[in-house]
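Q: Hi! Could you walk me through this protein?
A: Happy to, let's bring it up.
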Amino acid sequence: MAPAPCVVLDRTVPFRDHPRDTEPPSLEAPGVVGGNISAQPLSLQDLKSTVGDYLMAMTPVKHLVDPPGVSRLTMLRPPSSHWVPKFGRRMQSGFVAAADNCLVVIYAGTFRPGASFSGWYLLLDLESCSSRPVPGIPCSSIGPSATSAGYGTAVLALPRGGAAPLTFILAELFFEFPRAAQGLTSGRLCLWNSQHEQWVYKMGDLPRQVCTTWRAHMTFPVLSRFLLCWVDLLHGLLLCDLGRHLDEVDSVLDMSFVPLPTNSCLQYAQELLANPEDFRSMACVHGAIKFLTMDGFGAAISLITYTLHLDGSSPSWTKDTVLRLADLWADETYISTGMPQIMPLFPILSRQEHDIIYLVIPGQVEIEEGYRVRRCKLLLSVDTRKAKVVSTDRENHPETLFSSRYLITF
């Protein structure tokens, strides 16, 4: 089954035992952490290799639904009878770091770039239901003061020729913020080309707008322009022209910065500034970079979309659509849901359909194990140009409102 035209995906990927294993492996089993491991200890490199073999032996299981419903991925462990060493059993889950087309990038287990001594990315091809591991970036290649400052991982799936395997470019961007107030932030871009299977490193100063408050809230590629984008939803986006950076000889990093649309960086309440993804989003929609934001807090709130134009002498934004919440609440489909006139959260742009966005409608606060938990009650698909609710989903949504923050579209 091919992926849906647009997929809204839960970032959490549980690792499940194989159905043929009715009981977990014995702690005495060779290759199980804490078990009866060979008296001859493995080197760090050999241990890392066996974990890579274990990841290769896992099988992706996808549960894809039409948006605005949330799709989910599960990784099925190899059966205990499989030949692969079981060192990878210590990994309980993965985290979706980036996605493009039918390609999903997962941090395997507790691995996080720059924060883990070693580990693996796991690349899933949802079309062929296959996977391949990519070794994590050696810490010695990053530097002790480098940080990912949010979601630093980006991926670009290259056009597939017939039955040929999917090729891709995986990127990780690290920041080294200056200690002096006047200094420039340095960037380290790590690139993995699946055709060459090795990390290539680029280094250089980033544009002056990238300061210590910068945070990468999301990343996405633009295939038509061969670009990778890192987005700070309060400041702007960094653009990387891959055509200029895939040269393995030249190690210089040269990225450009585009600020957000004028008047979209107004002062917000402090609680909104902490998590701008609660009310903003950005994506490449059919080759065009679009920005979606909620505006008018404290008055008449609207959802506004902008399109970025890169062909002129300098980048510029144009306003596309304005959807007032009052018009959304007056829609007959919304009224039929029985939901009150409550402000939606976590707006997401469809990657495939112009003017289509997805919204989360929060539910009531409940007490669970002594904690206050707010539920997610409804997902909406909305046409911002026609001010119309296209569809709703009450079943395939995150259990809690907080979990809705960790969704990704591709």
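Q: What percentage of the 410 residues count as buried?
A: Of the 410 residues, 52% count as buried, meaning under 20% relative accessible area with a 1.4 Å probe and protein chains only. Do keep in mind that this is a predicted model, where local features need pLDDT of at least 70, side-chain atom pairs count only at pLDDT 80 or more, and totals for chains, interfaces and linings use all residues. Residues are numbered from 1 along each chain as its sequence is written, and side-chain values use heavy atoms, leaving out hydrogens and water.

Q: Is Arg405 buried or exposed?
A: Arg405 is buried, with a relative accessible area of 18%. Arg405 sits in the loop between strand 24 (388–393) and strand 25 (407–409).

Q: And what does Arg405 touch?
A: Leaving aside residues up to four places away in sequence, Arg405 touches Asn275, Glu277, Asp278 and Phe346; contact means heavy atoms within 4.5 Å. Asp278 is 127 residues apart from Arg405 along the chain, yet their C-alpha atoms are separated by 6.8 Å.

Q: Switching topic: in what order do the 4 strands of the open sheet come?
A: The order is 17-18-19-20, with antiparallel pairing; two strands pair if DSSP finds at least two bridges between them. Strand 17 (280–285) and strand 20 (316–324) are the edges, each pairing on one side only.

Q: Which residue of strand 20 stands opposite Ile304?
A: That's Val322. Strand 19 (residues 302–309) and strand 20 pair over 8 bridges.

Conventions. Buried < 20%, exposed > 50% of the residue type's maximum accessible area, 1.4 Å probe, protein only. Helix = DSSP H or I, 4+ residues; strand = E, 2+ residues; numbered from the N terminus.
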